[in-house]
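Here are my notes on the model, as numbered points. They go from the overall dimensions to the sheets and then to one helix pair.

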Amino acid sequence: MNNTAIAHIYGSSYIHTGKHAVGIYLDRSSGDAILIDSGADEQAAREIDEALEEEGYRIAAVLHTHGHRSSCGGDAYLLAHDPDLRIYATATSAARAHPPQSLPHLSGGAHSARASQAPLRVTDILPEGDAQVTVGDVNLRVIALPGHAPGMVGFQTPDDVLYCGDALFGERVLRRQSLLLYASIEEARATFRKLSQMAPKAYVLYHGGVLREISALINPHLERLNSLTKRFEDLISTQPITLERLVQQTMQEHALDDSLEHYGLAMQIVQSHVAELLRMDRISLKVEQGALHFASR
Ligand SMILES: [Zn+2]
């Protein structure tokens, strides 16, 4: 492969060298290429499509790890070029497909125009648990990796390369972002354990690229999640507080913009940590003056 848009990992497993590590698996006998996620936008998808076409491959299928916009943004372009494209996703990912910036607790008109997107057009539903999927003549393992998003899965190629979606973030994201998006802290912890017990030839992080080893990344993730859960517990222990106020406090402490996108992200992050505190029975719910409050146990 001469094109610099695509980098080799092992055997027939590659990634796009763009902003996100879109996975590419080449079936050399059929000339089919399988993508793992489709890039954030049309530009990424076009670059991958053109590079593969130059090498004599045709994109036959996209396997989605989850339904966030940055993972599915190339679908529209790829579908417009090939209406026969197969698109695989778990039922949960397909049903919940939305940009991470959208407001999950609001419905309809409250979404900003930018945050709206068509639902994923899925042709094949993937199992949510560990399983095998056959795409053309290629058998891949589906690995359940929920936490960042419900129903998220990774894919292990016949070359033993594990594409992990957003189960973990790379060092650069950890350096730049003080908040990490996990929809379920409990599931994220279990997924970290699962990933550290697997020993593929390489891990691919959609936001982080190719890694031989991930153990050094797991502790910083756990520390971030634990300290944020602790921060919310401290805030709640000072006085009963509403969800809205926790979101506001988080946006201020992490210097997020007053945008619907950042509000939506902060909301999801607060909800997941508060759910964790409720699950651990560390806080309780009560209604004061018609508003739901979180209070210390
Ligand atoms: Zn994501």
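1. The radius of gyration is taken over C-alpha atoms, and the rule for a globule is 2.2 Å times the number of residues to the power 0.38. The model discussed here is predicted. For 297 residues a compact globule would have a radius of gyration near 19 Å, and the chain, with 20 Å, agrees with that. The C-alpha trace spans about 65 × 40 × 30 Å along its principal axes.

2. Domains and element counts come next. The domain assignment divides the chain into domain 1, residues 6-221, and domain 2, residues 227-296. Between the C-alpha centres of domain 1 and domain 2 there are 29 Å. The chain contains nine helices and 15 strands.

3. Strand β4 (residues 32-36) runs parallel to strand β5 (residues 58-63), and the two pair over five bridges. Ala33 has Ile59 of β5 as its bridge partner.

4. A further open sheet has six strands in the order β8-β9-β10-β11-β12-β13, again with mixed pairing.

5. Strands of a sheet pair through backbone hydrogen bonds, in either the parallel or the antiparallel sense. Strand β11 (residues 161-163) pairs with strand β12 (residues 202-205) in the parallel sense over three bridges. Here Tyr163 stands opposite Val204 of β12. With strand β13 (residues 209-211), β12 pairs in the antiparallel sense, also over three bridges. Leu205 has Gly209 in β13 as its bridge partner. Three residues lie between β12 and β13, and the two strands form a hairpin.

6. The last point concerns a helix pair. How do helix α8 and helix α9 pack? Helix α8 (residues 243-253) and helix α9 (residues 260-279) pack at an angle of about 115 degrees, and their axes are 9 Å apart. Their crossing is right-handed. On the α8 side the contact is made by Leu243, Leu246, Val247, Thr250 and Met251. On the α9 side it is made by His262, Tyr263, Ala266, Met267, Ile269 and Val270. Of the residues in the contact of α8 with α9, nine are nonpolar, two are polar and none is charged.

Note on methods
Residues are numbered from 1 along each chain as its sequence is written. This is a predicted model: local features need pLDDT of at least 70, side-chain atom pairs count only at pLDDT 80 or more; totals for chains, interfaces and linings use all residues. Axes are lines fitted to C-alpha atoms, for helices over the stretch in contact, and angles run from 0 to 180 degrees between N-to-C directions. Helices (H or I, at least four residues) and strands (E, at least two) are DSSP runs, numbered from the N terminus. A crossing is left-handed if the near helix is turned anticlockwise from the far one by less than a right angle, and right-handed if clockwise. Two residues are in contact if their C-beta atoms, placed from the backbone, lie within 7 Å. Ala, Val, Leu, Ile, Met, Phe, Trp, Tyr, Cys and Pro count as nonpolar, Asp, Glu, Lys and Arg as charged, and the others, Gly among them, as polar. Domain bounds come from an automatic or database domain assignment. Two strands pair if DSSP finds at least two bridges between them.
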